[in-house]
Amino acid sequence: MSSSSSSVRRDELSELAQLHITGCLDEIETARFERLLHEAPPALQAEIVALQAGIAEDQTLLPDVEPDRALLWRVVGAVLEAAASQERAEQERLAPIATIGSPARSGMKGQMQEEDIAEAAGAMAAATSDAALAPAVQDDAEREAWNALLAADRWRKSALVWRGACLAVAGALAAALAFNVWLAMSATQVSRLALERVTGDQLRAAVGPNLADFIGQGSIVRGMVGTSPAVNSSATVLLAPTLDSALVMWVDLAANRTYSLRVVSADGVEREAGTFEVRSDVGGARIDLSGMAVTPASRWQVVDDRGVVLLRD
């Protein structure tokens with residue numbers, strides 16, 4: 001762009017800027033001014049903005065009139081109405097939190113806010129419609145309008161306080177629920193550990209001191225179950241790592257009878273390892289296996305005094 005055209009553009013923008021700030025441009029000229037300003041270099045744009053700011057601050061260009069006394073209240077009423085509309089939209093978006101109490105009470109609260117705003121607007125309209133009111137009457141109208149505005153503002157602040165209280169109560173309930181769940185889980189774990197301890201002590205008392213020689217010593221454990229549905233018993237054989245002794249523990253075998261522990265080799269040969277007497281429905285007996293060809297792969301049977309195989313692994 002040449003120097004002359006740049007000067008013309010600056011003069012044209014300066015002239016349009018002065019008319020634009022005073023409101024003397026129509027829509028077409030306004031659009032043309034905005035387009036030229038947008039296409040101008042940044043330095044020229046800053047110059048035009050500074051020019052318009054200086055014109056706007058010139059007190060000599062302002063009309064020699066006094067604003068209406070009720071203008072303040074109209075502005076405040078418009079701002080209050082906009083704030084109330086925004087708050088109602090926010091309460092509708094957060095309905096589960098914002099609505100506290102019965103629906104009738106929430107509706108009554110919203111209706112009171114709208115009535116307060118309507119009362120304030122009516123008072124301001126009355127104060128502005130009749131210019132011939134005495135100063136005392138105008139002061140009363142302004143005072144009533146201001147009191148109505150303060151009442152509506154108190155309702156809004158109260159809604160915020162109730163919303164915060166609702167969030168605090170919900171957080172406390174969630175924390176209490178989490179603590180209750182943790183407490184229940186802890187009680188269950190403690191009960192389980194206590195039951196395991198009691199069961200272990202009872203088993204040691206029933207089996208006798210021989211149990212300590214096999215538990216935790218790397219013994220080979222074989223469980224035996226009934227050979228038929230009519231046998232409602234079970235037994236366990238703990239074979240010592242040295243293969244020289246075994247501990248047989250039974251549950252629910254017929255008391256006051258003698259039973260035999262039979263070992264079956266890998267080739268199917270059956271040999272009697274020893275006998276034991278059952279005095280109670282839960283117990284154990286140690287059987288010496290010295291001199292017997294017992295391997296970890298051997299299988300086991302419990303035979304009653306009639307030679308009937310009751311349990312096998």
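Where in the structure is Ser219? I found Ser219 in the loop between α7 (135-207) and β1 (220-226). Helices here are DSSP runs of H or I with at least four residues, strands are runs of E with at least two, and both are numbered from the N terminus.

**Ground rules.** I am working on a predicted model, in which local features need pLDDT of at least 70 and side-chain atom pairs count only at pLDDT 80 or more, while totals for chains, interfaces and linings use all residues. Residues are numbered from 1 along each chain as its sequence is written, and side-chain values use heavy atoms, with hydrogens and water left out.

**Whole chain.** I noted seven helices and eight strands in the protein chain. Of its 313 residues, 26% count as buried. For accessibility I used relative accessible area: buried is under 20%, exposed is over 50%, and partly exposed is in between, with a 1.4 Å probe and protein chains only. A contact is a pair with heavy atoms within 4.5 Å. Among contacts between residues at least 6 apart in sequence, 59% join residues at least 24 apart.

**Ser219 and Ser245.** I looked up both serines. Ser219 has 16% relative accessibility, so it counts as buried. Leaving out residues up to four places away in sequence, Ser219 touches Phe214, Leu238, Leu239, Ala240 and Pro241. Ser245 lies in strand β3 (residues 245-251). Its relative accessibility is 6%, so Ser245 is buried. With the same exclusion of residues up to four places away, the contacts of Ser245 are Phe214, Leu238, Leu239, Ala240, Arg286, Ile287 and Leu289.

**Helices α2 and α3.** Two packed helices are described by the angle between their axes and the distance between the axes. I took axes as lines fitted to C-alpha atoms, for helices over the stretch in contact, with angles from 0 to 180 degrees between N-to-C directions. The axes of α2 (residues 27-39) and α3 (residues 42-56) come within 9 Å and cross at roughly 135 degrees. Angles under 35 degrees count as roughly parallel, over 145 as roughly antiparallel, 65 to 115 as roughly perpendicular, and the rest as oblique. The two helices are therefore oblique to each other. Which residues meet? Phe33, Leu37 and His38 in α2 meet Gln45, Ile48 and Gln52 in α3. By class, this contact has three nonpolar, three polar and no charged residues. The nonpolar class is Ala, Val, Leu, Ile, Met, Phe, Trp, Tyr, Cys and Pro; Asp, Glu, Lys and Arg are charged; the others, Gly among them, are polar.

**Salt bridges.** I counted a salt bridge when a side-chain nitrogen of Lys or Arg is within 4 Å of a carboxyl oxygen of Asp or Glu. The count comes to eleven.

- Glu29 and Arg32 meet in one of them, at 4.0 Å, N to O. Both lie in helix α2, three residues apart, about one turn of the helix. Glu29 is partly exposed at 30%, and Arg32 is partly exposed at 31%.
- Glu277 and Arg279 form another, at 2.2 Å, N to O. Glu277 is partly exposed at 43%, whereas Arg279 is exposed at 58%.
- Asp313 pairs with Arg299, the closest N and O atoms being 3.8 Å apart. This pair links distant parts of the chain, with Asp313 in the segment after β8 (309-312) and Arg299 in strand β7 (residues 299-303), 14 residues apart. Asp313 is partly exposed at 21%, as is Arg299 at 46%.
- Arg257, Asp304, Asp305 and Arg306 are linked in a network of salt bridges.

I followed up Asp305, which is in the loop between β7 and β8. Beyond four places in sequence, Asp305 touches Arg257 and Thr258. Asp305 and Ser260 are 45 residues apart in sequence and 7.5 Å apart in space, C-alpha to C-alpha.

**Cysteines.** How many disulfides are there? The count is zero, taking a disulfide as a pair of cysteine sulfur atoms within 2.5 Å. Cys24 is exposed at 53%, and Cys166 is partly exposed at 28%.
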